[in-house]
Every structure is written in structure tokens, then in C-alpha cells.
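Subject: Structure handover

Hello,

Here is the structure for your review. Please look it over before reading my notes.

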Amino acid sequence: MRSPAGRRGHNTDFYSGLLLVAVATVALLYIRTLSVGTVLEMGPGYFPLGLALVLLGMGLCLAVKGLLAEGNPIGSFHLRPLICVLLSFTAFGVLVERAGLIIAILAQVAIAHFASVETRWQQSLVSGVLLAAASAVIFVWLLKIPVDLLP
Amino acid sequence: MMRIAAAVLSAGMALSATAASAQEWPSKTIKLVVPYAPGGYTDSVARITARYLEKELGQTVIVDNRAGGGGIVGSDLVAKSPGDGYTLCICSVGAISVAPVAQTTSYDPVKSFKPVSVVSTIPQTVIVNPSLPINTMQDLVAYAKANPGKLSYGSSGAGGLMHYSVQLFDARNGTKMTHVPFKGGSPATAAVVSGEVNLSFTNMTDALPQMEANKVRALAVTSAKRNEFAPQLPTVSETVTPGYSVESWNGLMAPASTPDSIIAKLSDVLKKMAADPEVKKSMAVVGASTEFTTPDEYKAQIAAEVEQWRELLKEIAEKKN
Amino acid sequence: MTDVFAQLGHGFAVAATPINLFFCLVGAIFGTLIGVLPGLGPVATISLLLPATYALSPVSAIIMLAGIYYGAQYGGSTTAILVNIPGESTSVVTAIDGYKMAQQGRASEALAIAAIGSFIAGCIGTVVIALLGPPLALMTQQFASPDYFSLMVLGLVSAVVLANGSAFRAIAMIFLGLLLGMVGMDLNTGEARMTFGLVELSDGINFVALVMGLFGVAEVISNLEGASVRIVNQMRIGTIWPSFSALRGAWGAVLRGTALGTLFGILPGGGATIASFSAYALEKRVAKDRSRFGNGAIEGVAGPESANNAAAQTSFVPLLTMGIPTSATMALMVGALTLHGIAPGPMIISRQPDLFWGLIASMFLGNAMLVIINLPMIGIWVRLLAVPYRLLYLVIVVICAIGVYSVNNSSFDVYMTVGFSLLGYVLRKLDAEPAPLLMGFVLGPMVEENFRRSLITSHGDPMVFLQRPISLALLLISAALLISIMMPAIRQRRVEVFQE
């Protein structure tokens with residue numbers, strides 16, 4: 001399974017390690033202000049600090065392993081579906097309480113449409129309208145979730 | 001297609017109605033926010049209230065559970081909502097009178113809301129595991145003094161009423177008991193039943209069924225007066241700690257910018273509700289007593305409570321140093 | 001014993017009245033619906049539908065609400081298998097092998113074993129409640145914080161078994177999950193931890209947002225990568241009807257899963273989740289060929305699905321025998337009963353025999369209805385895979401968004417999903433498995449809570465974990481399991497050394 005792309009420093013181990021180190025570092029920054037306490041009287045920071053330190057250690061181990069040995073290559077990132085799908089969720093979140101469920105769904109579908117190159121706008125439009133109608137019936141009318149349909 | 005057309009039409013009508021004056025309130029669905037998870041005691045009170053408001057106001061009232069942070073998240077949401085009378089809150093003592101003192105909240109318990117009325121009150125019950133040689137409040141104080149730090153009490157979480165009511169008790173009696181927090185009042189009560197903790201100042205809703213089955217021994221209620229559901233129980237005040245009074249309340253509150261005409265209308269409805277036999281019966285199952293206060297009385301009560309907890313916390317902080 | 005059967009007979013007389021049968025069916029249908037829709041879980045649904053039950057008798061109401069709850073367990077596996085979106089923590093492990101089976105054109109087989117396994121587990125679980133409810137409830141009273149802590153440790157060790165790749169990386173993922181689980185208010189002091197000053201995070205990260213991001217949305221994004229790749233071809237439909245000979249190999253898994261689920265379901269908190277994870281771990285340990293797991297092993301669906309449905313039934317035991325709710329859903333059942341004028345408590349069996357035995361009898365009937373509803377639905381679900389992915393993914397993203405939103409009616413949760421989708425996508429590219437992370441996330445807060453509480457109640461004596469027999473036994477099992485995971489790796493390394 002080893003390919004040239006998985007060479008030292010450019011493999012899943014190295015970048016996984018880096019990711020864990022980054023998360024642990026951010027956590028440690030925020031844990032800093034919490035009191036740690038002792039084993040007998042643990043403060044709110046005791047558990048998070050321990051976990052973050054273990055995570056930091058494991059991350060460093062993985063990163064070093066990735067630097068010293070070859071590993072599996074990392075997959076390639078495709079920005080178009082990533083950005084479009086994430087944006088579509090953001091749009092839904094922004095609009096659902098301000099403009100109502102129907103507009104939020106239409107906006108989400110409109111943005112998500114561009115995530116794939118295979119979509120056709122007529123089909124997406126019909127799907128969007130059907131989804132909005134079906135959601136209105138299922139979620140609002142049948143399951144009674146407390147959300148406005150329109151502004 | 002008909003359904004969509006109908007939805008569009010009714011939404012359009014709702015839109016034009018919002019513009020109308022508060023005189024015609026309520027003209028659309030009212031959202032009653034409950035800052036706690038569904039199924040709890042506040043949730044039950046809110047649903048009973050919603051049912052009554054719906055009947056009296058002729059508009060749909062939906063219960064919207066916004067749990068989080070011991071009631072802070074939902075209360076905060078209501079404080080920031082538009083004061084149009086369509087977002088109301090069944091708030092509770094924990095998030096309104098205790099939390100703003102004990103931690104930082106972005107709302108002010110007195111300034112951010114317009115209180116309408118207390119809807120129901122419920123005392124806490126002092127319950128102990130029956131295997132303990134404690135039969136009265138006097139026994140409890142004596143035992144706690146003889147064994148400092150040995151008695152443990154369960155609470156619904158740090159900073160909640162179940163925690164602070166024991167803190168207040170400790171401060172007044174010079175006792176020291178060990179705090180064991182749980183995730184909610186119900187597991188804390190269960191822990192008294194199983195004996196994992198020795199006692200708890202638990203609310204009447206959770207305590208009553210266990211008392212009836214003799215799974216726990218009840219010693220007293222924390223309210224100033226005896227309780228109608230367990231009249232045989234003395235109050236903490238009449239036994240060991242004169243003047244001790246802790247009562248949990250749920251009340252209807254609105255965002256501060258709500259017009260007074262809407263508050264007045266709501267106040268009238270709640271006054272009728274407090275006297276309604278159906279409502280009284282439903283509240284009794286929860287272990288709660290119905291109540292009515294005027295908006296002014298309610299506001300004064302909150303201000304007084306905030307002061308009480310502020311002083312207690314100061315007292316505790318001084319003792320620690 | 002004859003007494004129990006006489007009372008159960010009475011229960012059937014209550015449950016089989018037309019009105020109660022009708023509401024049992026309504027509950028089963030709603031349960032299936034919300035189970036299939038990811039996000040919207042039984043807690044949200046029951047609380048939203050509660051006002052609709054005010055007009056009913058308490059027995060009808062509780063029969064319907066219970067039907068929603070266990071019905072959701074049937075439907076919960078559907079999206080996990082079809083589109084890799086586990087709607088609840090209990091179906092996270094179902095997605096591992098279930099989704100693989102769907103990709104291999106064996107979706108109908110996976111869905112069928114999930115439904116049949118759930119049915120068998122549901123019936124056995126109900127028998128256990130009827131015969132052993134009260135004594136089992138007394139047994140749970142023996143469980144104190146140290147025992148729960150040790151149980152959580154066992155759950156975390158099982159999570160290592162879940163992983164298909166290296167154990168080291170799986171453990172790292174568990175720790176990442178544990179750390180994410182720490183976000184929110186500290187139970188013992190009320191202090192906010194790692195909330196970045198956001199009040200929305202004070203109760204921790206929303207599980208549904210996490211799971212949808214890591215699994216569902218990340219899956220959608222990576223399916224959309226290849227412009228020319230025909231995703232439809234990857235999602236082969238296979239046969240509409242499962243061959244029952246294919247299901248035969250899963251009987252053992254169904255029974256083992258049922259046993260674990262029945263036992264763990266009675267315990268508060270993460271009982272059902274631990275049951276489904278440990279059922280998967282158990283299947284993987286007892287299997288002759290472990291490499292099949294993660295590549296579409298039917299036992300990997302049968303075991304956990306049976307476990308979670310058995311747990312759904314037996315989680316009623318503490319509520320019905322002692323009036324103590326052990327989960328958010330059960331707390332809601334208490335609320336529902338109180339609104340109908342019944343305060344649940346230890347006396348409920350003697351005071352409300354109609355309710356207790358009627359509910360139990362309705363569980364048999366409800367499970368039968370559910371399997372009858374669900375088996376024919378398999379054909380429909382499988383045909384759904386024939387819908388071109390360019391349309392299907394639009395449906396998936398919209399349903400995910402509404403699902404996440406509806407849990408707390410919170411836009412913030414939708415934004416969190418965006419963040420976790422990004423994390424899920426990155427983890428995917430790094431070959432990191434999200435299932436152990438989720439297990440860490442679910443168990444983390446409970447591990448900490450019980451550990452700290454144990455030390456408070458034991459006045460700081462850490463030996464408490466070894467002195468209590470239940471805790472000791474669970475820790476020994478965990479240690480044995482951990483050694484058995486490490487052994488092959490050690491042995492293999494030794495072989496490599498010798499070869500060199």
C-alpha cells in the first residue's frame with residue numbers, strides 16, 4: 001500500500017499527528033485558566049488537562065513516526081463540493097429563523113446545487129420546491145417543530 | 001399544491017397582522033419558551049400553563065424547550081427576543097434569582113424582563129436515606145455537627161437551588177456537609193434511595209412518590225409554611241433554622257420591551273388560572289401549588305431573592321478565606 | 001409465575017382494545033418516521049406531540065409515546081445503512097458495516113436483519129421486563145458511581161476494538177473524542193470549560209451536530225468529489241428482497257446482542273450506547289475471520305441493532321418499577337404521565353396495574369406491528385438508492401440541516417455541523433476513523449462525572465474501584481479485553497523480528 005506520495009513527512013501519520021497537536025494546543029490554551037486541583041479534590045481543569053496532555057503526546061508520536069517512516073498518502077482535497085456543501089448549511093442556519101423554513105431550504109438547495117457538476121438546474125429547482133413542500137408538511141404540520149414557514 | 005397555497009396565504013395574513021397594534025394581541029401563535037429539557041417539573045408546569053393560555057386567549061401556544069446551562073440559555077434567548085407578546089417564558093428561580101448572582105449571565109434578572117406572575121411554587125423536601133439514624137431535623141443537625149464533612153448531599157448540579165439551599169442551611173447552622181453533584185434532580189433523588197448519598201434537599205415532585213413507598217425518610221419542607229401535599233412535615237424554619245425559607249417557583253415572564261397592555265392582559269388570565277380547579281388538580285400531581293402575584297409583587301420578590309443569594313455567597317466566600 | 005401470566009393476560013386485554021391498538025400503531029408509525037429522519041430523535045418528537053395526547057386516556061397516551069420511542073430504534077438504522085448517517089449514538093456502529101453492505105448491493109440484507117433482530121430483541125426484552133422487572137431494578141440499585149466508572153472504561157476499551165486500522169490511532173481518536181466531550185459546564189463547579197465564551201456551548205457540543213458532520217455530511221462531500229465518477233454505480237441496488245439464507249448466519253449475533261442490550265439497557269445514562277458498541281466489539285472478537293468486519297459483515301449490523309432495541313425496552317424498567325427515569329426520554333415519559341395525572345413512583349405497579357401490564361403487552365403488539373411495517377418498507381428504501389445521486393444528495397443535506405436544527409431549535413447547532421463536517425472531511429483524508437472518536441465523546445462526560453463522584457463519596461480513596469465487586473469485575477474484563485487486543489500486535493511484531 002505504500003506509494004511515493006506517502007513519503008516521509010507527507011503521509012497520514014504526520015498530518016494526523018499535526019492535527020491532534022493543534023487541537024491539544026488550543027485546548028490547553030483554554031484550560032489554562034481553570035483550576036486543576038489535586039487527585040483528591042479535582043478541579044474543573046483536572047480531566048481536560050490530563051486528556052489534552054495525552055492527546056498532545058500521542059499527536060507528537062504520530063507526527064514523528066510520519067517524519068521518520070513512510071506511510072499512507074493523504075487523500076486529495078476537493079474544494080468545490082466542500083465549500084458549496086458547507087456554505088449551503090451556513091445559509092440554512094442564517095435564514096431559518098430570519099426568513100422561515102421554506103426560504104432557508106430553497107437557499108440551501110440553490111447553493112448545494114453547485115457542489116456537483118452533474119446537477120441540472122431544472123431538476124434542482126424542482127427538488128428544492130418539493131423538499132420545501134414536503135418539509136413543511138412533515139416537520140411543521142405533522143411533527144410540529146416550532147419554526148415559521150415564511151418570514 | 002393546495003397545501004402550499006394555503007400556507008402562503010396564512011403566512012401572508014400572519015405577516016400583515018404583526019403590523020397591527022398590541023390591542024389585537026394575540027393574533028398569531030405564541031411561543032412559550034421553557035429553558036429546561038422536556039419532562040422536568042418546569043416543563044410540566046409550562047405545559048399546564050400553555051394549555052390554559054390557549055383556551056383563554058384563543059390562540060395556539062406552543063412550548064419551546066431551550067435547555068442549556070441550567071436555564072441560562074433559554075432565559076437569555078427570551079431576554080433578547082422582541083417584546084411583541086409572542087415570545088414568553090416560563091422561567092424558574094434557578095436561572096433568574098440564583099444564576100445571575102452565582103455566575104455571569106448576559107441578562108439582568110430585574111432589568112431584562114417584565115415579570116407577569118408566579119404561576120406555581122414548590123417547596124424542597126429534606127429527605128434522608130432510611131438506613132441513617134436520623135429521624136428529625138434536630139437529629140440531622142446533631143449528626144452533621146458530630147461528623148463534620150461525613151454526610152453527603154446530592155444536588156442537581158453546582159450552582160442550582162438544590163446545591164445552594166444546603167449551602168444556606170450549612171451557613172445558618174454551622175454544619176458542613178459534602179456536596180455531590182448529579183445531572184439533574186431526579187438522579188440525585190435516586191442516589192438518596194440507593195444510599196449513594198445520605199440526603200438531599202430535593203423538590204416535592206421527585207420526593208413524594210419515594211416518600212409514599214418508604215424508600216426515603218422525609219424530615220421537613222424548606223418553605224416558610226407547611227405544604228398542603230405533606231402537611232405532617234414540619235418546616236425547616238420551625239424546627240432548627242428560624243427564618244429559613246427556600247422555595248422554587250415558576251413564573252411567566254416576558255422580554256423587558258413588552259407593552260404594558262399585553263402584560264396586563266396576561267396578568268388577568270393568570271389570575272383566573274390560579275383559581276381554576278382543573279389547573280389546581282394538574283399542578284397537584286406535579287407536587288406544585290398554584291399561585292398568583294401581580295407584576296409589581298413579582299418584580300419585588302425577584303429583587304429580594306437576588307439580594308438573599310448575593311449575601312449568602314458573600315458569607316460563604318468570607319468563611320472560606 | 002402463574003400470577004405474572006394472569007396479569008399479562010389482563011395487560012393484553014387492555015392493550016388489545018381497538019383504541020389502544022390504534023394508538024400503538026400511530027406510535028409505531030411516528031416512531032418509524034422519526035427514526036428514519038436523522039436528527040429529530042424521540043425526545044424532541046415526544047415533547048412536540050405531547051399536547052396531542054391530552055385528550056387521550058393515560059394508558060393510550062403512554063402506549064403511543066412508548067411506541068414512538070422503541071419504533072425510532074427500528075427506523076434509526078435505515079439512514080445509517082443507506083447513506084451512512086447514524087441518527088443516534090446507538091446506530092453509529094451499525095453504519096460501519098451496514099453502509100459497506102449497502103455499497104456492495106446488500107442493503108436489503110442489512111435492513112432485513114436490522115428489523116428482524118430488533119423484533120426478536122424487542123420481544124425478549126419485553127419478556128424480561130414482565131418476568132424480572134422488579135428484581136432487576138433492585139440490581140441496578142447496587143450500581144454506584146465507581147461501578148459506572150468501570151463500566152465506562154469497558155466501553156472505551158470496546159471502542160478500540162471498533163477500529164479497523166491501528167490501535168494506536170484508534171486510541172488517539174478516543175482521546176480526541178474524550179476532550180471534545182469535556183466542552184461545556186463543569187458539573188462540580190458550574191464553571192464553563194473550553195466554551196470560547198459561547199453560552200450555546202455551556203451544555204456541551206450537540207451530539208447530533210457532531211455525528212451528522214463527521215459521518216453524513218463528510219460522506220456527501222466525498223461522494224461529490226469525482227465529477228465523472230458515477231456514484232450511482234457505487235450504490236448498487238442489489239436484490240430488493242433479502243435471501244433468508246444470507247440472514248441465517250446472524251442468529252448468534254442477534255441473541256448475543258439481545259443479551260447485552262437487555263442487561264445494559266437497565267442501567268442509566270449510556271446503557272443503550274454501550275450496549276450497541278460492546279455488541280459490535282463482541283461480534284468482532286468471537287468471529288473466526290475478523291477482517292470481514294468493516295467490510296460488510298452482517299453480524300456487525302445484527303448484534304448492535306438487536307442490542308439497542310433490547311435496551312430500548314428494558315430502559316423502561318427503572319421508570320416502571322421505581323419511578324426513576326434513567327434517560328432524557330424516560331424523564332419525558334415521567335412528564336407525560338404527570339400531565340395525565342399519574343405520578344410515577346415505586347407504587348406504580350400496584351396502583352396502576354392497567355398501565356403497567358397494558359404497556360408491557362402493547363410492547364409485544366407494537367414490536368409485531370413494527371416488523372410488519374418495516375419489512376415491506378425495505379423494498380422502498382432500496383429502490384431509493386436508484387435515485388440519481390445528484391438529486392439524492394440535495395435531499396440528504398436538507399434533511400440533515402432540519403434534523404440538526406430541530407434537536408434544540410438552534411441555528412448554532414447548524415453552524416457547528418459545518419465545523420464538524422470540515423473536521424470529518426479532513427479525518428477522512430487522513431484515514432482516521434470517526435467511530436472511536438464518537439464513543440469517547442459520548443462516554444467522556446460520564447467517565448469524568450462518575451470518577452469524580454466516586455472519589456467524593458469515598459472521601460478521596462482511589463481503592464474504591466477495586467474494593468467494590470462489580471467495579472472490580474468490570475475492570476478485570478476491560479483489562480482482559482485490552483490484552484487480547486494488544487496480543488496479536490505484539491505477536492506479529494515478534495514474528496517480524498524473527499524473520500529479520
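Below are my notes, chain by chain.

This is a predicted model: local features need pLDDT of at least 70, side-chain atom pairs count only at pLDDT 80 or more, and totals for chains, interfaces and linings use all residues. Residues are numbered from 1 along each chain as its sequence is written, while chains are lettered from A and ligands numbered from 1 in the order in which they are written.

Chain A

Confidence comes first. The mean pLDDT of chain A is 88, and 95% of its residues reach 70 or more. Helices (H or I, at least four residues) and strands (E, at least two) are DSSP runs, numbered from the N terminus.

Chain A splits into domain 1 (4-68) and domain 2 (79-142). Domain bounds come from an automatic or database domain assignment. The C-alpha centres of these two domains of chain A are 37 Å apart.

Chain A against chain C

In this interface, 57 residues of chain A are in contact with 53 residues of chain C. Contact means that the C-beta atoms of two residues, placed from the backbone, lie within 7 Å. On the chain A side, at least two residues each come from α1 (12-31), α2 (46-68), α3 (79-98), α4 (101-112) and α5 (121-142). The largest share of that side, eleven residues, is from α3(A). By class, the side of chain A that touches chain C has 39 nonpolar, 15 polar and three charged residues. Here Ala, Val, Leu, Ile, Met, Phe, Trp, Tyr, Cys and Pro count as nonpolar, Asp, Glu, Lys and Arg as charged, and the others, Gly among them, as polar.

Chain B

Chain B is assigned domain 1 (28-122 + 247-312) and domain 2 (123-246). Their C-alpha centres lie 26 Å apart. Between them, 17 residues of domain 1 of chain B are in contact with 20 residues of domain 2 of chain B. On the domain 1 side, α4 (93-102), β9 (247-255), α11 (277-286) and α12 (295-320) of chain B give two or more residues each.

Now look at α3(B), residues 72-80. Eight of its nine residues are buried, so the helix is largely enclosed by the rest of the structure. (Buried means 20 or more other C-beta atoms within 10 Å of a residue's own, exposed 12 or fewer, partly exposed in between; C-beta atoms are placed from the backbone.) Among the buried residues are Ile72(B), Asp76(B) and Leu77(B). The buried residues of α3(B) pack against β1 (30-34), β3 (87-92), α4, β4 (113-128) and β9 of chain B.

Chain C

Chain C has 23 helices and two strands. Its C-alpha atoms fill a box of roughly 70 × 60 × 50 Å along the principal axes. Of its 500 residues, 65% count as buried. Among contacts in chain C between residues at least 6 apart in sequence, 81% join residues at least 24 apart.

One helix to check is α19(C), residues 389-408. Of its 20 residues, 17 are buried. Just after α19(C), Asn409(C) takes a positive phi of about 50 degrees.

Best wishes

Notes: pLDDT is the predictor's confidence in each residue, from 0 to 100.
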